[in-house]
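Subject: Structure for your review

Dear colleague,

Please find below the structure I am passing on to you.

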Amino acid sequence: MSTRTEKERTTLLQGTLDLLILRTLLFGPQHGQGIARAIQQQSEDVLLVDHGSLYPALQRLETQGWIAARWGTSANNRKARFYALTKAGRKQLMAETGQWRRLVAAIARILGPEGADG
Amino acid sequence: MMMRWRRKRTQGDFDAEIESHLQLEADRLRAEGAGEEEARAAARRAFGNVTAVEERFYEAARVLWVDRLGQDLRSAARTLRRGPAVTAAAVLSLALGIGANTAIFSFVNALMLRPYSFPDLDALITVSELHPQQGKQATVRPSDPGHPMAPADFLDVRRESRSFEGLAALRPRDYTLVGEGEPERLAGRLVSPELFGLLRADAALGRTLLPDEADAGRDAVVVVSHGLWQRRLGGAPDVVGRPLVLNGRPHTVVGVMPPGFNYPPGGVEVWAPLWLSEEDKAARAVLSLAVIGRLARGVTLEQARDDLATMAARLEQAHPRTNTGRTFKAVRLREQQAGITAPFAALFQGAALFVLLIACANVGGLLLARGLSRQREMALRAALGASRWRIARQLLTESLMLSLLGLLLALGVAAAGVEAIRSSVPADITKWVAGWRDIRLDESVLGFAVAVALATALATGLSPALGAARLALTDVLREGGRGASAVRHRWRSMIVVSQMALALVLLVGSGLMVRGFGRMMERYEGFDPAGVLSFRMRLPESRYAPGRPMGDFYARMLEGLAAVPGVESAAAVGHLPGDMGPVPAGAVSIRGRTTPGDLDLPVADYQSVSPDYFRALRVRLVAGRALGAQDGPDAPPAAVVSESMARRLWPGGTALGQQVKQGRPDDPGPWREVVGVVEDVTQYWFDREPRSTLYLPHRQVPRAASFVLVRVAGEAAALAPALRAAVAALDPALPLDEVRTLRQVVNDAMAILRLSANLLLLLGGVALLLSAVGIYGIMAHDVVQRTQEIGVRLALGATAGEVRRLVLGRALGLAALALLVGAPAALALGRLMASALFGVVRPEASSLAAVSGGLLATALLAGLVPALRAAALDPVAVLRNE
């Protein structure tokens, strides 16, 4: 089935995308499109958010109780669903950020200084 | 789960969010200078497949758990496919376990839960009378309608009791049917016409009996069974109104019962009206009627029992001579045979449960081992946020899948098992067991099987899940999989030890059963059933007057049979020893000894035997002389007693020369001199003690219905036609029924015991095999896990022998622990079986020892291959690999 490859990609992205969403919401409530846009801009267009993953991820985070959502009005007067970080979400963000940093540091140590293998 | 549901969003809400996203995106693009149409299309393009996202929302939000279940199922299927041999073994052992339980339950269901198909079965109550004396020689038999009632007491209860909608009485009556074909003996009952109404059973053809047909002169009508109608009446639809000659008297067939009608059990084929003579109606001393009733609406069994107790007290006052100490016993019809079936059912259901538990332990161990070989994967998943519950659920899903596969196979196993069990017990025995012919796999049995499978899944998945939950996951990661080995070992060892303990209990149980069976066979060898042919005979009273003519005919017939070439001796006996049928029994009076009341007289079986009986059966004479040709009709009345009767009635004295009489001292029969004492003959295999038997000369006390025993020199069965011819030469209208060798009689009677032995042996064997696999599995796994340690030991100079001892020692240690746990349980089971199976089997230290030895040997054998593998390790290669 074709959904399987899609699902595997989802799992692959899951950890990081969740982290990035939580991070983005640290600056205040935002709607889905805004979150995608922010990630894309802040990563200087390196990270392109697959919207097919974004909404299920939002759904998942909401189910976990890390973010909360309600309908509101956007800057240009459109009705949109805004997501905000909860207390639990803030804690989760801290934990995941720490974990991520450790992982990256460890991998960096193994890979050696930048350009060493080049 | 509830939380998730409450947070559920509607599809519309989600659609609105996507729509808003598209608008926002389009707004942005427009702001960057794109045209209206272009912006919308680009936004949609950037978003991707809207439907796919919506679908994903659906999965994620609405049925999150189904989605996860799907993942679990797929993953479980992958795992199971990866090791097809192991999976097959697991499924097979579960199928055996579930199948055995299902097969046994189908018996429990048919025999105990709904032995009869009558509406509102629980309102049907059998009533019987008990008095203190009766317990002495009473035995339970599947055919026994409980203790019967005296006709006068029955009539009083029927007239006065308010607890019953109605009561009906039954009295056994055998019929000889003469007509086209061979004469045939039919089991029948004289019944109160109300019986059919109380049972709510109607005739399939014609009608049942009418109330006024219980009057003298109007009672020559019969209702016949479906089987008889098919077999002897050609299944003719116009059978109603036809004449049928029974016991030399014409009867009219008024109805045919439907095929499933099975009351009372015992292959009854004729129901005729019971009419009571004036003498009968006044009879209070002789208990001759079986009674069944239906509780009146709203009356409970307890109320009926209270009512009957009041009646008993009143009758005791009115008729102290006969009714002192007499009580009524009311039992639900459904539970009537439970005394016999319940111990067997408990035994087998228990054994089947043990096998299932062992199978569960095996499969659980397997899953755990498999789970642990993936422990790094699991630890990683746990580190990435998978909860332990999620991992446990994965294992549970695997076990669920295994049990459901097992369930499918189990239904086949159960169907085959039910068929095998059913066909291994002869119809002559099973006709006494109500519900036997309706044993099948129906909805309730299927429901039971599914419940067992689910419980199995839980039991199988739970132990590895708990085992996995105990793992300290960080340790696993840090120590490369070796860290949790202590926990794992303890857990798996526990599983294997309990497995072996269960196998021990089962094997000791089956060993007991087999030895008990063997001992029973030996007991019957006492009168040497080999080479004896038996058949049953009934002289119609219309042509043979009771008394002298009957005795003369039997004597002539035995002479004729003895003259047949190949016959060593021929004898007649009132009832066949070893058979399951009822033996007439009654009180015995001793001249010169007075007893306070009628009911305190000793009780004995009455057996009329012809001169050659003891010789034909090789029953040993203990004292005096056997009954012989000299005990003719004109000779002084004589009797022989069994050894245990002599011991009971004349403890410390001698029986020889004593005067005894059947019944009460003032009964009309003659006083008889005891001329001999013979060794005990086992009448029923389930008798706890030898019965008292009073042997009477057949010529002095002839019985119209007798068994004829012929000892032959060669092949017994081959002589049957010659014997038939010899009887036909004297009277061609006499039927020879139940022509069998005595060994066959005994075999048939013990069919249920043999079946039990075989079944338990089979279950025990399966249990042993499964636990051997369990031990092998843990030892093999152990060796793999300890490869490095063993390598180090070898490198440090341990010899191959020491390594072998190390591994085998562990296997034996597990077995020893299992013995320690299992032996007390096995002994307890033995005691339980001894009481359930009428003392036929006894727990024995020797069989426990034998089984224990077998278990240790099995453990040794199962540990051998891993031990050899460990000893053959190359330490250099092992250490380099690390």
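Predicted model: local features only at pLDDT ≥ 70, side-chain atom pairs only at ≥ 80, totals over all residues.

Chain A. Four helices and three strands make up the secondary structure elements of chain A, and their order from the N terminus is α-β-α-α-β-β-α. Of the 118 residues in chain A, 27% are buried. Taking the contacts in this chain between residues at least 6 apart in sequence, 47% join residues at least 24 apart.

One helix pair in chain A deserves a description. H2(A), residues 32–42, packs with H3(A), residues 51–64, at an angle of about 120 degrees, and their axes are 11 Å apart. Because of that angle, H2(A) is oblique to H3(A). The crossing of the two helices is right-handed. On the H2(A) side the contact is made by Gly32(A), Ile35(A) and Ala36(A), which meet His51(A), Leu54(A), Tyr55(A) and Leu58(A) of H3(A).

In soluble globular proteins, nonpolar side chains tend to be buried together. In this model the largest nonpolar core has 222 residues, and the members touching the most others are Val355(B), Leu504(B) and Ala767(B). The element that gives the most to this core is helix H25 of chain B (residues 751–785), with 16 residues. Another core, of 18 residues, lies apart from it; its members include Leu25(A), Val49(A), Trp66(A) and Ile67(A).

Which residues is Val355(B) in contact with, leaving aside its neighbours within four places in sequence? They are Leu96(B), Gly97(B) and Ala100(B), together with Leu763(B), Val766(B) and Ala767(B).

Val678(B). This residue is placed in strand S18 of chain B, which covers residues 672–678. Val678(B) has 26 other C-beta atoms within 10 Å and therefore counts as buried, the cut-off being 20 or more. Although 37 residues separate Val678(B) from Val641(B) in sequence, their C-alpha atoms are 6.5 Å apart in space. With neighbours within four places in sequence left aside, the contacts of Val678(B) are Phe614(B), Val619(B), Arg620(B), Leu621(B), Val622(B), Val640(B), Ser642(B) and Glu643(B).

Yours sincerely

Note on methods. Residues numbered from 1 in each chain as written. Chains lettered and ligands numbered in written order. Axes fitted to C-alpha atoms, helices over the stretch in contact; angles between N-to-C directions. Parallel < 35°, antiparallel > 145°, perpendicular 65-115°, else oblique. Left-handed = near helix turned anticlockwise from the far one by under 90°. Contact = placed C-beta atoms within 7 Å. Core = buried A, V, L, I, M, F, W, Y, C linked by C-beta atoms within 7 Å. Buried ≥ 20, exposed ≤ 12 C-beta atoms within 10 Å, placed from the backbone.
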